[in-house]
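Have a look at the picture, and then we'll start with a pair of helices.

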Amino acid sequence: MKILIVDDEVQLVDELKSILEKSKYSVDTAVSGDSGLDKIFDNEYSLIILDVMLPVMDGFCILEAVREASITTPVLMLTAKSDVSDRIKGLDKGSDDYLVKPFAVSELLARVRALLRRDNLDKNPFLKVADIVLNTVSCDVVKDGHPLKLTRKEYMVFEYLLYNKNRVVTKAALAGHVWGDEFDEFNASNFIDVHIKNLRKKIGDENHLIIRTKRGIGYIINDQNEN
């Protein structure tokens, strides 16, 4: 899979390129908006990591041009912590997710995996584990043929864990993806634990066989049929 990073922070670009290549991705880079857009039009990428603040042409202009050209490649936007409006604007213009600087490497990789998996689900919108099926189009969750009533946040937690099935999702990555700036870091651990507890109860996972806890790290949905 080929990924394009567009960011004018040269040191960060080099670090991200090294990290992603160690995870067996092929990586192209660009440090200005115009050169990034040229590469997008000249190559086919599985994912674009796009900074908002760029010289010559900012990330929003690139995103708008990409979507107007009917290029559906997933876009992960990088934003500054205080720029909530930038994140909203990016999502409205067609970005698929955002990541706040500074970020942990584990969170970046989790977001990348989730977006790449999501893109591969265009023809098959169903995420499955045991007797539970989540439909990413209708946002329905069914267990053994019976619909489950999940809250919006519970659905988002479950969906994100399923996108990363057989991989550990850290609490930080889960919190950033589901809650963003709504998340209170002071009560982080307990807050997520409560949502996981409620989700387990609704999907009939009181024995923690579906959503497994990795103590001190996060959670993993491990599909035994894939081992």
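Helix α6 (residues 152-163) and helix α7 (residues 171-178) have axes that come within 10 Å and cross at roughly 130°. Here axes are lines fitted to C-alpha atoms, for helices over the stretch in contact, and angles run from 0 to 180 degrees between N-to-C directions. α6 and α7 are therefore oblique to each other; angles under 35 degrees count as roughly parallel, over 145 as roughly antiparallel, 65 to 115 as roughly perpendicular and the rest as oblique. On the α6 side, K153, M156, V157 and Y160 make the contact, and on the α7 side A173, L174, H177 and V178 do. Contact means heavy atoms within 4.5 Å.

A quick word on where this comes from: the model is predicted, local features need pLDDT of at least 70, side-chain atom pairs count only at pLDDT 80 or more, and totals for chains, interfaces and linings use all residues. Residues are numbered from 1 along each chain as its sequence is written, and side-chain values use heavy atoms, with hydrogens and water left out.

Next up is another helix pair, α2 and α3. Their axes lie 10 Å apart and the angle is about 20°, so α2 and α3 are roughly parallel to each other. G33, L37, I40 and F41 of α2 meet I62, A65 and V66 of α3. Here are the two pairs together:

| Helix pair | Angle | Axis distance |
|---|---|---|
| α6 and α7 | roughly 130° | within 10 Å |
| α2 and α3 | about 20° | 10 Å |

Let's stay with α2 (residues 33-42), where G33, G36, L37 and I40 are buried; buried means under 20% relative accessible area, exposed over 50%, and partly exposed in between (1.4 Å probe, protein chains only). Seen down the axis of α2, these buried residues fall within an arc of 95°, so they line one face of the helix. That arc is taken from the directions from the helix axis to the C-beta atoms. What covers them?

Zooming out, the protein chain has eight helices and 12 strands, which are DSSP runs (helices H or I, at least four residues; strands E, at least two), numbered from the N terminus. Of its 227 residues, 48% count as buried. Among contacts between residues at least 6 apart in sequence, 58% join residues at least 24 apart.
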